[in-house]
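Visitor: Can you walk me through this one? I have the structure open and would like to start with a single side chain.
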Amino acid sequence: LHDSALWNGGDTDLFLSTSPQYYGISGQIISAANALNPINVVPASGSLVDAVKTQVAVMAARQDFEVRPTAIYGNPTLLNLFDKEVYDAGRQLFYNQVEVLPGVIVNGIPTQVGILPLVSDAAIGNISAGGGTYQYTGFILSDVDMIKYAYLTDPLPRVFQLGLLGSLSAQYVVVKFGAPYVEGAGYAHSAFYTIR
């Protein structure tokens with residue numbers, strides 16, 4: 001639940017909280033999309049690889065901010081569409097191996113800013129688009145220094161005991177005071193989706 005909320009938390013503002021949920025990373029990026037950094041819609045007949053490479057180039061070409069994307073995140077089923085596209089076309093375009101953590105090796109796409117790893121995260125959900133099709137959403141992130149988790153006091157969760165101390169049963173609530181936030185959501189990160 002916590003991992004899904006980091007991406008998909010339903011709140012809509014970082015400052016005026018309207019629910020006990022996070023304002024998810026995906027919501028922050030999608031709501032900050034603008035004319036200079038729109039959400040890229042890849043048609044079902046279009047190439048995901050080409051669309052992402054073009055989107056990364058457009059992000060890196062900005063003159064007003066230095067943007068250096070570092071990874072592409074998506075649901076495993078979205079990343080499987082990348083694999084299928086490459087194999088169906090008979091291209092071995094992007095199968096460069098990238099070690100994202102010691103011992104964790106993923107495929108990467110060569111772009112104008114270097115090889116970007118394709119990072120799988122099941123918490124990035126797919127939405128049913130009806131008729132057996134789904135909307136697959138992915139994110140191009142500059143995640144090294146631009147996505148953070150802010151803590152109110154410290155990163156350790158706090159445990160509170162509810163009820164009277166003399167009762168036979170005790171209830172506990174564990175709370176972590178903090179939230180994810182995306183710096184430069186309108187320029188340093190980008191979203192794309194396809195319906196297939």
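Guide: This is a predicted model. In it, the side chains of Gln55 and Asn40 are joined by a polar contact of 3.2 Å.

Visitor: Where is Gln55 found?

Guide: Gln55 sits in helix 3, which covers residues 48-60.

Visitor: Is Gln55 buried or exposed?

Guide: Gln55 counts as buried, because its relative accessibility is 7% and the cut-off for buried is under 20%.

Visitor: What does Gln55 touch, leaving out residues up to four places away in sequence?

Guide: Gln55 touches Pro38, Asn40, Ile140, Ser190, Ala191 and Phe192.

Visitor: How much space lies in the largest pocket?

Guide: The largest pocket holds about 520 Å³ of space. Helix 1 (2-8) and strand 11 (178-182) are the elements that each give two or more residues to its lining.

Visitor: Which residues lie nearest the centre of the largest pocket?

Guide: Pro20, Gln21, Tyr22, Tyr23 and Ala179 do, out of 22 lining residues. By class, the lining has 11 nonpolar, nine polar and two charged residues.

Visitor: And the second largest pocket, how much space is there?

Guide: About 180 Å³. The second largest pocket is lined by 13 residues, with Ile30, Ile127, Gln135, Thr137 and Phe139 closest to its centre.

How values were computed. Residues numbered from 1 in each chain as written. Predicted model: local features only at pLDDT ≥ 70, side-chain atom pairs only at ≥ 80, totals over all residues. Heavy atoms only, no water. 1 Å grid on protein atoms, 1.4 Å probe; cavity = no way out; pocket = protein on both sides within 12 Å on 5 of 7 lines; lining within 4 Å. Points joined across faces, edges and corners; volume = space filled by probe spheres on them. Helix = DSSP H or I, 4+ residues; strand = E, 2+ residues; numbered from the N terminus. Nonpolar A, V, L, I, M, F, W, Y, C, P; charged D, E, K, R; others polar. Buried < 20%, exposed > 50% of the residue type's maximum accessible area, 1.4 Å probe, protein only. Polar contact = N/O pair within 3.5 Å; in protein donor to acceptor, adjacent residues only side chain to side chain. Contact = heavy atoms within 4.5 Å.
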